[in-house]
Amino acid sequence: MVESQSDTIKLEVALREPLLLDTVNGSVRTILRDPISINSLIAPVAINRILRLEAFAEKFRAALARRQVAVRDFFDLDYTVQKLGIKPETPDTIGFVRQKLAIPGNDPVNISAMRLATLRQQVEPQLRPVLRAADFSGFDVERAFNIVASMSASLQK
């Protein structure tokens, strides 16, 4: 049901490290639709955005080395591989991840069993409330962890 009251949507944007590639012009839009007209309830907004390759590498950096593991990073990587067909094993991706991890201030790579156990505990309380049912049911934390572990192995070569 759509009501006339205002509400807040939280959008977290952080730039802790320098970009490796220039930004490009783009736009963002919402999936929120008017139930009668099916038109978008909010007009697209123009933004500068980072390139997909850099975003993908940054998600890997976060999944591999974030101090407090966050299941959202693993969901995003899994979704990107499963639904968007992005290939993590390409030399460009591995090279960008390597560059991201080399920036001072990153924690060491961590793909431990303890990290996986923490991720398993985060799936239900942290993903279900913010995902569409189909996206939630399509997520496999083990598969996502294996994608990240494979990247870690590629970085060792």
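Predicted model: local features only at pLDDT ≥ 70, side-chain atom pairs only at ≥ 80, totals over all residues.
So, what covers the buried residues of helix 1?

Residues are numbered from 1 along each chain as its sequence is written, and side-chain values use heavy atoms, with hydrogens and water left out.

About that pLDDT: it's the predictor's confidence in each residue, from 0 to 100. The protein chain has a mean of 90, with 90% of its residues at 70 or more. Confidence is lowest in strand 2 (residues 45–49), at a mean of 88, and highest in helix 6, at 98.

Next, the layout. We have six helices and two strands, and from the N terminus they go β-β-α-α-α-α-α-α. Those are DSSP runs numbered from the N terminus: helices are H or I, at least four residues, and strands are E, at least two.

Back to helix 1. Its buried residues include Phe56, Phe60 and Leu64, where buried means under 20% relative accessible area, with a 1.4 Å probe and protein chains only. And the cover? It includes helix 2, helix 3 (91–102), helix 4 (113–127) and helix 6, going by contact, meaning heavy atoms within 4.5 Å. Across the chain of 157 residues, 31% count as buried.

Serine 154 counts as buried because its relative accessible area is 17%. Leaving aside neighbours within four places in sequence, serine 154 touches Ile94 and Arg98.

On a 1 Å grid over the protein atoms alone, a cavity is a set of points where a 1.4 Å probe fits but cannot get out, and lining residues have an atom within 4 Å of a point. Grid points are joined across faces, edges and corners, and volume is the space filled by probe spheres set on the points. There's one cavity of 30 Å³ or more, and the largest cavity has a volume of about 50 Å³. Which helix gives the most to its lining? That's helix 2 (residues 71–84), with five residues. The lining includes Phe75, Asp78, Tyr79, Phe139 and Arg143.

That's the tour, thanks!

Key. Buried < 20%, exposed > 50% of the residue type's maximum accessible area, 1.4 Å probe, protein only. 1 Å grid on protein atoms, 1.4 Å probe; cavity = no way out; pocket = protein on both sides within 12 Å on 5 of 7 lines; lining within 4 Å.
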